[in-house]
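Please examine the structure shown here with attention to its charged side-chain pairs, one of its sheets and the confidence of the prediction. A short report follows.

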Amino acid sequence: KGARRLIGSTTTSETYYSFKELSKFRDGNFVWSVSILYSTKDGKQIKSPPASTSFKVQAPKIEPPTPVAIQPVNGADLVMGEKEEVLFQWEKNERAIHYQIDVQEKSTNRVKPVFQKQTTEPNALFEIPLTVGEGVFYWDLFIFYKTWDGRVVRSNPIRNEFSLKFRFINESIRWSGYKAR
């Protein structure tokens, strides 16, 4: 029939028990047993044979939340000027515990991680480090949310691509010569 695993045990003087550790349940069949503990006239503890019954758990089928990106839009060309930062924004999701954004540089043979942030806000400001040059980048957005049994899990990501370009200002510099006295 398959292996059995004890997921809980308690002793109570009540005729009921509420099992609250739902995270220990997964889809499947379970057996619960109850025995009576009593004392004989001479004080000896005796346990009755267990009465058992089975039940089935089927988790509710709830669709995971889907991240919705706002900016930068897929395929955006971002020209950096005085400030070298990118604001990432997405739609707030009511089921979100927090969000995670991963920014990666796309190269010809691999994807190189550049930035990662977890936040409870529906945006993240990415200050571009000096080591990042022009190029094509991906940003992946994940939603962390609670399942029916209280576990925190990560959604599938939404991936957008954007490119960074830097504006170079070529100004001539005038030098003035001063005669030393």
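In the whole structure, 3 salt bridges are found; they are listed below.

| Salt bridge | N to O distance |
|---|---|
| Glu105 and Lys112 | 3.7 Å |
| Arg159 and Asp140 | 2.8 Å |

Arg159 in strand S13 and Asp140 in strand S11 (residues 135-146) link distant parts of the chain, 19 residues apart. Asp140 is buried, with a relative accessible area of 6%, whereas Arg159 is partly exposed at 43%. In the remaining pair, Glu105 counts as buried at 18% relative accessibility, and Lys112 as partly exposed at 36%.

An open sheet is formed by 3 strands in the order S5-S7-S10, with antiparallel pairing. Strands S5 (69-71) and S10 (123-127) are its edges, each pairing on one side only. Strand S7 (residues 85-90) is joined to S10 by 5 bridges, and Val86 stands opposite Phe126 in S10.

As to confidence, the mean pLDDT of the protein chain is 83, and 87% of its residues reach 70 or more. Over residues 169-177, pLDDT stays under 50, and the model has 0 contacts beyond four places in sequence for them. Where pLDDT is low, the predicted coordinates should not be read in detail.

Terms used. Residues are numbered from 1 along each chain as its sequence is written. This is a predicted model: local features need pLDDT of at least 70, side-chain atom pairs count only at pLDDT 80 or more; totals for chains, interfaces and linings use all residues. Side-chain values use heavy atoms; hydrogens and water are left out. pLDDT is the predictor's confidence in each residue, from 0 to 100. Contact means heavy atoms within 4.5 Å. Two strands pair if DSSP finds at least two bridges between them. Helices (H or I, at least four residues) and strands (E, at least two) are DSSP runs, numbered from the N terminus. A salt bridge is a side-chain nitrogen of Lys or Arg within 4 Å of a carboxyl oxygen of Asp or Glu. Buried means under 20% relative accessible area, exposed over 50%, partly exposed in between (1.4 Å probe, protein chains only).
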